[in-house]
Amino acid sequence: MSATAGQAADGVRSLADRFGIEPGMVVMEMGYDEDVDHDLRDALTDRCGELVDEDTDEVVDAVLVWYRDGDGDLFELLVDALGPLADNGVVWLLTPKAGREGHVEPSEVAESAPTAGLQQTSTVNAGRDWSGARLVLRRGAKSKK
């Protein structure tokens, strides 16, 4: 069944659709821990296949970054995510929703993303406990590797 048919069948876009993940895409995951949203991971792997880890040598189409308050420097993590990212790739920054343990203040994302050469284009509900911010390279921005 096509993604369009799947959408029509249940009247709702799937998680993989909301994240723009297509079959054959290479998706890297960073910051995995037992608290991640497993339904989201399952939806994405069902669509694109296995997620690759941050040690991959492949050029990736998307990076999923699970980030919680206290996980270290967000700027550095975003710069690391840019390393294998294709020029037209996207970084999905996944953070716990407000009121959840590890919640990240939006101001931290608003400060760190542009410094890393990224701009936020949208947000999505990424599950019961997680929000996703779609980040893309700013026009003319060079990654700070």
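Figure 1. Helices here are DSSP runs of H or I with at least four residues, strands are E runs of at least two, and both are numbered from the N terminus. Reading along the sequence gives α-α-β-α-β-β-α-β-α-β-β. This is a predicted model, where local features need pLDDT of at least 70, side-chain atom pairs count only at pLDDT 80 or more, and totals for chains, interfaces and linings use all residues. Residues are numbered from 1 along each chain as its sequence is written, and side-chain values use heavy atoms, with hydrogens and water left out. Of the 145 residues, 43% count as buried (under 20% relative accessible area; exposed is over 50% and partly exposed is in between, with a 1.4 Å probe and protein chains only). Take the contacts (heavy atoms within 4.5 Å) with a separation of 6 or more: 73% of them come from residues 24 or more positions apart.

**Figure 2. The open six-stranded sheet, in the order 2-1-3-4-6-5.** Pairing is mixed, and two strands pair if DSSP finds at least two bridges between them. Strand 2 (52–53) and strand 5 (118–125) sit at the edges with a single partner strand each, so one side of each has no neighbour in the sheet. Helix 4 (residues 74–82) lies across strand 1 (27–30), strand 3 (60–66), strand 4, strand 5 and strand 6. Helix 4 runs at about 145° to strand 4; axes are lines fitted to C-alpha atoms, for helices over the stretch in contact, and angles run from 0 to 180 degrees between N-to-C directions.

**Figure 3. Strand 3 and its parallel partners, strand 1 and strand 4.** Four bridges link strand 1 with strand 3, and Met28 has Val63 as its bridge partner in strand 3. On to strand 4: six bridges join strand 3 to that strand, with Val60 opposite Leu85. Six of the seven residues of strand 3 are buried, so the rest of the structure largely encloses this strand.

**Figure 4. The antiparallel stretch made by strand 4 with strand 6 and by strand 5 with strand 6.** Strand 4 (residues 85–96) meets strand 6 (residues 130–137) through seven bridges. Two spots to look for are Leu94, opposite Gly132 in strand 6, and Val90, whose bridge partner in strand 6 is Val136. Strand 5 and strand 6 also pair over seven bridges, and here Thr123 stands opposite Ala133. These two strands form a hairpin with four residues between them, and Gly127 in the turn has a positive phi of about 135°.

**Figure 5. The largest nonpolar core, with 24 residues.** A nonpolar core is a set of buried Ala, Val, Leu, Ile, Met, Phe, Trp, Tyr and Cys residues joined through side-chain atoms within 4.5 Å. Val63, Val65, Leu78, Val91 and Leu93 touch the most other members. A second, separate core has 20 residues, among them Phe19, Leu44, Cys48 and Ala62.

**Figure 6. Close-up on Val63 and its contacts.** Leaving out residues up to four places away in sequence, Val63 touches Met28, Met30, Ala81, Leu85, Val90, Val91 and Trp92.

**Figure 7. Arg41 in helix 3 (residues 38–48).** This arginine is buried, with a relative accessible area of 18%. Not counting residues up to four places away in sequence, Arg41 touches Glu29, Tyr32, Val36, Leu51 and Trp66.

**Figure 8. The largest pocket, with about 220 Å³ of space.** Work on a 1 Å grid over the protein atoms alone: a pocket is an open set of points with protein on both sides within 12 Å along at least five of seven lines, whereas a cavity is a set where a 1.4 Å probe fits but cannot get out. Lining residues have an atom within 4 Å of a point. Grid points are joined across faces, edges and corners, and the volume is the space filled by probe spheres set on the points. Among the 17 lining residues, Thr95, Pro106, Val109, Ser131 and Ala133 are the closest to the centre. Strand 4, helix 5, strand 5 and strand 6 each supply at least two residues of the lining.

**Figure 9. Val109 in helix 5 (residues 106–115).** With 9% relative accessibility, Val109 counts as buried. Setting aside neighbours within four places in sequence, Val109 is in contact with Leu74, Leu93, Val104, Pro114 and Gln120. Leu135 is 26 residues from Val109 in sequence, with 10.0 Å between their C-alpha atoms.
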